[in-house]
Amino acid sequence: MKIEVQHFEGCPNSVEMIARVRTAIEEFNERIEYKGILVETPEQAQQIKFRGSPTVLINGIDLENLPEPADAHLACRYYLNGLPSVSQIKEFITDQLKKEE
């Protein structure tokens with residue numbers, strides 16, 4: 001399983017989201033490949049179809065099923081119910097792992 005956290009420097013929620021994802025994946029050990037993606041330019045944002053900072057993709061699927069934007073740009077991401085908790089991230093990972101079995 002691959003988990004990416006896409007973010008840019010200066011977004012106030014990025015550090016917290018990275019910490020939550022890293023905590024959530026601890027118990028899954030070798031089953032997860034983690035990658036942090038620092039988005040630095042508007043061109044890079046467009047290339048990866050950036051949904052905003054921070055974005056968590058698990059096997060390419062957005063944690064909140066937010067679709068890829070037609071016109072991506074550097075922006076902070078708004079989470080309607082606040083940043084996902086460690087337990088919510090673990091639950092999503094567990095659901096995805098079950099689909100892989």
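**Exercise 1. Determine which residue of β2 is the bridge partner of Val5, and describe the sheet around this pair.**

Step 1. In strand β2, Gly36 is the bridge partner of Val5. The model is a predicted one, in which local features need pLDDT of at least 70 and side-chain atom pairs count only at pLDDT 80 or more, while totals for chains, interfaces and linings use all residues. Residues are numbered from 1 along each chain as its sequence is written, and side-chain values use heavy atoms, with hydrogens and water left out.

Step 2. Strands and helices are DSSP runs numbered from the N terminus, with at least two residues (E) for a strand and at least four (H or I) for a helix. Two strands pair if DSSP finds at least two bridges between them. Strand β1 and strand β2 (residues 33-38) are joined by six bridges in the parallel sense. The chain passes from β1 through α1 to β2, a right-handed β-α-β crossover; with the strands pointing away from the viewer, the path from the first strand over the helix to the second runs clockwise.

Step 3. Elsewhere in β2, Leu38 stands opposite His7. The open sheet has four strands in the order β2-β1-β3-β4, with mixed pairing. Its edge strands, β2 and β4 (61-62), each pair on one side only.

**Exercise 2. State how confident the predictor is in the protein chain, and which elements have the lowest and highest mean values.**

Step 1. The confidence score, pLDDT, runs from 0 to 100 for each residue. The chain has a mean pLDDT of 93, and 100% of its residues reach 70 or more.

Step 2. Among the elements, helix α3 (residues 86-100) has the lowest mean, 90. The highest, 97, belongs to strand β1 (residues 2-7).

**Exercise 3. Explain why the aromatic pair of Phe8 and Phe50 ties together parts that are apart in sequence.**

Step 1. Rings of Phe, Tyr and Trp (its six-membered ring) pair if their centres lie within 6.5 Å; planes under 30 degrees apart are stacked, over 60 edge-to-face, and the rest tilted. The structure holds one such pair.

Step 2. Phe8 and Phe50 are edge-to-face, at 6.4 Å centre to centre and with 70 degrees between the planes. Both Phe8 and Phe50 are buried.

Step 3. Phe8 belongs to the loop between β1 and α1, and Phe50 to the loop between α2 (42-48) and β3, so the pair links parts that are 42 residues apart in sequence.

**Exercise 4. Decide whether Gln96 is buried or exposed.**

Step 1. Gln96 lies in helix α3.

Step 2. With a relative accessible area of 8%, Gln96 is buried. Not counting residues up to four places away in sequence, Gln96 touches Met1, Ile58 and Ile61.

Note on methods
Buried < 20%, exposed > 50% of the residue type's maximum accessible area, 1.4 Å probe, protein only. Contact = heavy atoms within 4.5 Å.
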